[in-house]
Amino acid sequence: MKRRIGILTSGGDCPGLNATIRGVAKAAYELFDAEIVGIADGYRGLIEGEWQEMKRSQFSGILTLGGTILGTSRQPFRNMRIIGDDNVDKVANMKENYEKMKLDCLVTLGGNGTHKTANLLSQEGLNVIGLPKTIDNDIYGTDFTFGFHTAVDIATDVLDRCHTTAASHGRCLVVEIMGNKAGWLTLYSGIAGGADVILLPEVPYDIKEVARVAEARARSKKAFSIIAVAEGAMDRKEAKMKRKEREAARAAEGFTCISARIAKQLAEMVGVEARNVVPGHIQRGGSPNAYDRVLSTQFGVHAAQLIRDGQYGYTVALCGNSITHNKLEDIAGVPKPVPQDHQMIQVGRDMGISFGDKQSK
Ligand code: F6P
């Protein structure tokens with residue numbers, strides 16, 4: 001049986017993209033007579049018709065490689081059906097290029113936006129399989145996305161290093177972790193890194209509660225604090241605002257990021273020496289950890305099995321300890337925030353960690 005597969009990686013990169021591409025390709029070559037076409041820079045390459053026939057050897061030696069050998073770009077889903085000044089009908093182009101490449105199937109590695117476009121293309125009649133990637137872990141229907149655990153390791157390492165320097169100086173360090181809409185990365189790394197306060201987009205905080213913790217610690221023997229804050233965290237007032245309004249209010253205050261504002265507020269309110277740390281894209285770079293290499297390989301192989309079986313319109317997922325798949329139409333566009341009553345939040349509260357919303361026992 002012969003199958004010609006197009007592969008693309010779309011949206012923000014993350015560790016494990018190459019490991020997943022390798023998993024798909026190696027299993028496809030084993031399971032059937034596969035031909036693989038690599039599409040450049042995500043949906044951009046599909047829209048503009050930029051691709052290359054891949055050789056088997058190109059999938060070797062990439063298990064540990066960070067980034068993506070195919071390149072990536074952000075092509076917002078909301079613009080996909082809009083024809084702009086360039087007069088390009090993006091959906092028509094993608095369908096046409098799929099035909100030109102003579103594909104039996106398109107494999108898309110990406111996050112939420114990527115899955116929405118994958119679903120759109122599936123509904124337009126293309127054979128599509130999705131693979132859930134993102135350090136944010138916010139794809140509905142899968143327990144974990146690949147890339148997440150590596151980012152947790154990196155953010156935890158940042159928190160560990162902040163711990164020793166904060167302790168030496170008796171300072172308060174506010175560490176800003178990636179995650180605009182979902183706080184999974186901050187929650188997991190905050191617990192792993194022993195943060196005193198964890199602030200998530202899903203749990204609006206009161207700066208007075210954060211100050212209370214910083215002050216209590218400043219007065220104690222351990223006269224330092226570690227605050228893990230998600231980049232998308234909001235205080236209670238901001239939580240009532242629309243996104244644009246919130247952004248404008250922050251810009252008017254002159255802060256480019258949330259951690260800088262919190263550090264300044266704590267210095268003023270508590271009198272502690274406070275600094276903010278923004279590891280930023282370091283959290284997305286470099287080699288995947290062992291967990292993500294295994295998950296990526298399992299995901300990739302499952303995608304190849306679906307192709308072998310001619311099952312399309314799905315995205316691969318982890319449920320419990322099993323690799324499975326969900327219908328694209330069931331998961332595309334469905335958010336996966338951290339539930340306020342999530343077990344990990346309770347674990348944190350029962351450890352005496354503050355989530356900035358109420359006083360822990
Ligand atoms: O979705 C992954 C992510 O790293 C988010 O955590 C972050 O908010 C965003 O991408 C940053 O995007 P960009 O790389 O385009 O600045």
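The lining of the largest cavity comprises six nonpolar, two polar and one charged residues, where Ala, Val, Leu, Ile, Met, Phe, Trp, Tyr, Cys and Pro count as nonpolar, Asp, Glu, Lys and Arg as charged, and the others, Gly among them, as polar. These residues are Gly170, Arg171, Cys172, Ala214, Ala218, Ala223, Phe224, Ser225 and Val272. The volume of this cavity is about 30 Å³, and a search of the whole structure finds one cavity of 30 Å³ or more. A cavity is a set of points, on a 1 Å grid over the protein atoms alone, where a 1.4 Å probe fits but cannot get out; a pocket is an open set with protein on both sides within 12 Å along at least five of seven lines; and lining residues have an atom within 4 Å of a point. Grid points are joined across faces, edges and corners, and a volume is the space filled by probe spheres set on the points.

The model is predicted: local features need pLDDT of at least 70, side-chain atom pairs count only at pLDDT 80 or more, and totals for chains, interfaces and linings use all residues. Residues are numbered from 1 along each chain as its sequence is written, and side-chain values use heavy atoms, with hydrogens and water left out.

Among the cavity-lining residues is Val272, which is located in the loop between α10 (258-270) and β9 (274-277). Helices (H or I, at least four residues) and strands (E, at least two) are DSSP runs, numbered from the N terminus. Val272 counts as buried because its relative accessibility is 14%, buried meaning under 20% relative accessible area, exposed over 50%, and partly exposed in between (1.4 Å probe, protein chains only). Apart from neighbours within four places in sequence, Val272 is in contact with Cys172, Ala218, Leu266 and Ala267, contact meaning heavy atoms within 4.5 Å. Val272 and Ala223 are 49 residues apart in sequence, with their C-alpha atoms 9.4 Å apart.

At the level of the whole chain, there are two segments-based units, domain 1 (2-147 + 288-320) and domain 2 (151-283 + 340-350), with bounds that come from an automatic or database domain assignment. Their C-alpha centres lie 34 Å apart, and seven residues of domain 1 are in contact with nine residues of domain 2.

Both domains contribute at least three residues each to the lining of the largest pocket. This pocket holds about 1600 Å³ of space. Of its 48 lining residues, Arg74, Asp136, Asp138, Asn180 and Lys181 are the closest to its centre. The elements giving two or more residues to the lining are α4 (112-123) and α9 (243-253), and α4 gives the most, with five residues. By class, the lining has 15 nonpolar, 17 polar and 16 charged residues.

Helix α3 (residues 90-100) has Lys90, Val91, Met94, Asn97 and Tyr98 as its buried residues. They lie on the same side of α3 because they cover an arc of only 130 degrees around the axis, the arc being that of the directions from the helix axis to the C-beta atoms. These buried residues pack against α2 (43-48), β3 (51-53), β4 (105-110) and α4. On the other side of α3, Glu99 and Lys100 are exposed. Just after the helix, Lys102 adopts a positive phi of about 60 degrees.
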